[in-house]
Amino acid sequence: MSSPEITSLSWGQMKVKGCSTTYKDCKVWPGGSRTWDWRETGTNVPASTVDYLKKNGIDVLVLQTEKAVAEYNALAAQGVKVGGVFHSTC
């Protein structure tokens, strides 16, 4: 499965290729996407999640949203299996 392209980003709105939902904040991964519900983790990715990913050899980048989307899309276009958590109003 490939990582879906984020096709548009504007303040308060994100669209993911192959998904009819317009997200405010979203999680994407190879093969899918869904709303990022802040009630699950707050507005930040927990340090324990970042530590877990790094300990398992997975690169983690924390970037401003526009830069994060550009990096995510560039990696996805290269066929890299990449995931992300994006907040469209920061």
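Ala, Val, Leu, Ile, Met, Phe, Trp, Tyr, Cys and Pro count here as nonpolar, Asp, Glu, Lys and Arg as charged, and the others, Gly among them, as polar. The structure is a predicted model, where local features need pLDDT of at least 70, side-chain atom pairs count only at pLDDT 80 or more, and totals for chains, interfaces and linings use all residues. Residues are numbered from 1 along each chain as its sequence is written, and side-chain values use heavy atoms, with hydrogens and water left out.

Strands here are DSSP runs of E with at least two residues, helices are runs of H or I with at least four, and both are numbered from the N terminus; two strands pair if DSSP finds at least two bridges between them. Strand β2 (residues 13–16) is joined to β3 by two bridges, and Lys15 sits opposite Thr22 in β3.

The other three-strand open sheet runs β5-β4-β6, again antiparallel, with β5 (32–35) and β6 at the edges. β4 and β5 share four bridges, and Cys26 has Thr35 in β5 as its bridge partner.

In the loop between α3 and β6 sits Val82. Val82 counts as buried because its relative accessible area is 13%, the cut-offs being under 20% for buried, over 50% for exposed and partly exposed in between (1.4 Å probe, protein chains only). Leaving aside neighbours within four places in sequence, Val82 touches Ser3, Trp29, Pro30, Tyr72, Leu75 and Ala76.

Finally, the largest pocket is lined by 34 residues, with Val60, Leu61, Gly83, Gly84 and Val85 nearest its centre. A pocket is an open set of points on a 1 Å grid over the protein atoms alone, where a 1.4 Å probe fits, with protein on both sides within 12 Å along at least five of seven lines; lining residues have an atom within 4 Å of a point. The lining splits into 21 nonpolar, nine polar and four charged residues, and α3 gives the largest share, five residues.

How values were computed. Contact = heavy atoms within 4.5 Å.
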